[in-house]
Amino acid sequence: MVHSNIHTPLKLPPLSQPHLPLPTGFTTMPLLLARTPPSSLPPILHHHYNSNNHHLLIAPSQKRFPLIAGPILLPRRILASSPLKCASINGVPILNNPEASTEQVHAGELLQRIRKWLDFLPLILPGGRWWDFSDDVDVQLVAQPVTVWRALGKMWELVARDRWVIIAAFSALIVAAVSEISIPHFLTASIFSAQGADLVVFHRNVRLLVLLCVTSGICSGIRGCCFGIANMILVKRMRETLYSSLLLQDISFFDNETVGDLTSRLGADCQQVSRVIGNDLNLILRNFLQGGGSLIYLLILSWPLGLCTLVICSILAAVMLRYGSYQKKAARLIQEVTASANDVAQETFSLIRTVRVYGTEEEEYGRYNWWLGKLADISLRQSAAYGVWNFNFNILYHSTQVIAVLFGGMSILGGHITAEKLTKFILYSEWLIYSTWWVGDNISNLMQSVGASEKVFHLMDLSPSSQFTERGIKLQRLMGCIEFLNVSFHYPSRPTVSVVQHVSFAVHPGEVVAIVGLSGSGKSTLVNLLLRLYEPTNGQILVDDIPIQDLDIMWWRERIGFVGQEPKLFRMDISSNIRYGCRDVKQEDIEWAAKQAYAHDFISALPNGYGTLVDDDLLSGGQKQRIAIARALLRDPKILILDEATSALDAESEHNVKGVLRSVRSDSATRSVIVIAHRLSTIQAADRIVVMDGGQIVEIGSHRELLLRDGLYARLTRKQADAMA
Ligand SMILES: Nc1ncnc2c1ncn2[C@@H]1O[C@H](COP(=O)(O)OP(=O)(O)OP(=O)(O)O)[C@@H](O)[C@H]1O
């Protein structure tokens, strides 16, 4: 009897969604399921999906494990050990056959396996689909492919300042290569002169041999050392250039990039590229010179034999080029997949508390493991390609030996060639083929490095944000008058969602203006625009009647004190955290700022006081806010922006801190303050309150005026009062 559970087709998650791990006991399922051709399965089916009632289990790749459609017989032991209740694949039911005997099941399994391998075989033949990376690695390759010449040109730009190292390295390389390639000639000549009892020639050859050995040894040492230095210079410059290029990007760039991905570019990708000069180019040139020298020597010795070897080497070169471009593609994918795996790890570790509290360690492991699987998948094909390449090399290498012995032997018998010449021929043909192999191997490594460099070069080439390149106005005296004039804005990453619409209001010098509104109404976005983290899409922001984009950005930001919603601390001591962004600050000033922010007492109670090393996790939310407030106050800013800056403080600390925010150190000056707060009780004393709703200003006035108007502000105040009651 056959039980079946037919369900509506399962909705498969899109490729970009996190991939859930297989439930326990299902790891072998894909192999067992491989039964019928994948006629009705869409290509995305190499994902597995797990919801409350369904388990959809699909082989990791349709291509390599040709899959299933139609009813599927599940062995009892799998059903027994699994949480499977019902299952279907694209609406096709998985059937459960509890009546099948163990022998039947085993025979079925064996048949399925044989069928699977038979299906699999044509795919792994040269040109088969198994080798193709295009349709089963769903990573986005953002960067345009880089040609080897362009990559080498970029690398040269980076090391050109220290060209003496490169020149020394190449000079040593040429001398060492010529010395090494001459050794077999004198070696053979010495042996045969000894055999011919020609003492003078023998001694001369031995002296030359010693000289060549010493020269090649010294030059190899210089070559290795200089290429190592060139490598170090290249990686250092590359990381410097990449890091500074990233630091100077617009904030919107970071909305689209992840931290894990960027750190992977700086780490793994730069390291991979570092091999280019020290290993790849060095060896390619050395072997190219030696191979070229051997070929000329062979053609001089015997041109028919030399031509035969040349033909074999040309075939080897053709295989090598194909292999090299395959490796380049694989390397490119490996870098992308590694970056994605890093991304997952970085996200998990930075949110480890959330992971622990929600007990999602297994899911996170599954997510990371999914990328590792992809990595292994690509590396597997890379290794297989290496095996095929080695196979070709071996065949071709031994063919030269056979040809040399066959034709050479016949020539000796015919008296056309001497035994000494044939020995030299075999030695040099071996050298030639090995050089070709090495050149091939190194070219493929070079291709891999170039493949890895694509995203790095793409990022290095990004122009810095115009904010850093344009010089703006520095005002003699800043009054602190800010005016938003019909400002509208949408985030570059969401061009269709207008976050701020036609906003107009002013903050006069010395005024405290509060911005309130429901969550997501655009309050922080207004602050982002004022800090010029983004530019308005419409309208203007004026500072003392000057458009904000005409001001020098560094000058402008130095005059603003900003405390954000969740202040972050650097992994430095507390003094350095407070001093962050301020130059020439004395310890007394730091302590003054800490006292103003009511942070001095708790800092003094720490084991090392102001010298205590902190990071983002070591202090409470309120303590971090107080340090951030001290940081802002230390600048004695003309404009102070507080975005929920006191939300984590207790009522007493908040009251105390609020008192000092308005006061400035220099008595003659005033400070304009913009406060964003959800706790409406904290902004009642503001000179004006701007009420936002859905990206628009709906009310402006003092606390009393707004209560009398009985609009959104009055409603929000009443609701908060009710909640407190
Ligand atoms: N970097 C960003 N990229 C795209 N959209 C964003 C970005 N930052 C914020 N948004 C969107 O802009 C809208 C307004 O966000 P904003 O942070 O300004 O609201 P808010 O009023 O400050 O909210 P809250 O009171 O919760 O802090 C929200 O819909 C948010 O999803």
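At what angle do helix 18 and helix 20 pack, and how far apart are their axes? Let's start there, everyone, and please keep in mind that what we are looking at is a predicted model.

Helix 18 runs over residues 587–596 and helix 20 over residues 621–634. The two pack at an angle of about 125 degrees, and their axes are 8 Å apart. As for handedness, helix 18 passes helix 20 in a right-handed crossing. If you want to find the contact on screen, look on helix 18 for Asp589, Ile590, Ala593, Ala594 and Gln596, and on helix 20 for Ala630, Leu633 and Leu634. Sorted by class, this contact of helix 18 with helix 20 has six nonpolar residues, one polar and one charged.

Now let's move to another pair, helix 8 and helix 13. Helix 8 covers residues 259–273, and helix 13 covers residues 419–460. Here the packing angle is about 135 degrees, with the axes 8 Å apart. So helix 8 is oblique to helix 13. Their crossing is left-handed. Helix 8 brings Arg265, Asp269, Cys270, Gln272 and Val273 to the contact, while helix 13 brings Ser449, Ala452, Ser453, Lys455, Val456 and Leu459. By class, that contact of helix 8 with helix 13 has five nonpolar, three polar and three charged residues.

Met155, Leu158 and Val159 make the contact from helix 4, and Ala230, Ile233, Leu234, Arg237, Met238 and Thr241 make it from helix 6. The residues of this contact of helix 4 with helix 6 divide into seven nonpolar, one polar and one charged.

Next, a word on annotation. An unreviewed UniProt entry gives "transmembrane region" for residues 164–188, 208–234 and 295–321. What does the model show in two of those spans? Residues 164–188 are 100% helix and 0% strand, with the end C-alpha atoms 37 Å apart. Residues 208–234 are also 100% helix and 0% strand, and there the end C-alpha atoms lie 38 Å apart.

Finally, the ligand, which I expect some of you have been waiting for. How many residues surround the ligand? There are 13, and the closest are Tyr491, Ser519, Lys523, Ser524 and Thr525. Which helix gives the most to that shell? Helix 15, residues 523–530, does, with three residues. By class, the shell around the ligand has two nonpolar, eight polar and three charged residues.

Conventions:
Residues are numbered from 1 along each chain as its sequence is written. This is a predicted model: local features need pLDDT of at least 70, side-chain atom pairs count only at pLDDT 80 or more; totals for chains, interfaces and linings use all residues. A residue is near a molecule or strand if its C-beta atom, placed from the backbone, lies within 6 Å of it. Helices (H or I, at least four residues) and strands (E, at least two) are DSSP runs, numbered from the N terminus. Ala, Val, Leu, Ile, Met, Phe, Trp, Tyr, Cys and Pro count as nonpolar, Asp, Glu, Lys and Arg as charged, and the others, Gly among them, as polar. UniProt positions are given in the numbering used here, feature names are shortened, and annotations may be inferred rather than shown by experiment. Axes are lines fitted to C-alpha atoms, for helices over the stretch in contact, and angles run from 0 to 180 degrees between N-to-C directions. A crossing is left-handed if the near helix is turned anticlockwise from the far one by less than a right angle, and right-handed if clockwise. Two residues are in contact if their C-beta atoms, placed from the backbone, lie within 7 Å. Angles under 35 degrees count as roughly parallel, over 145 as roughly antiparallel, 65 to 115 as roughly perpendicular and the rest as oblique.
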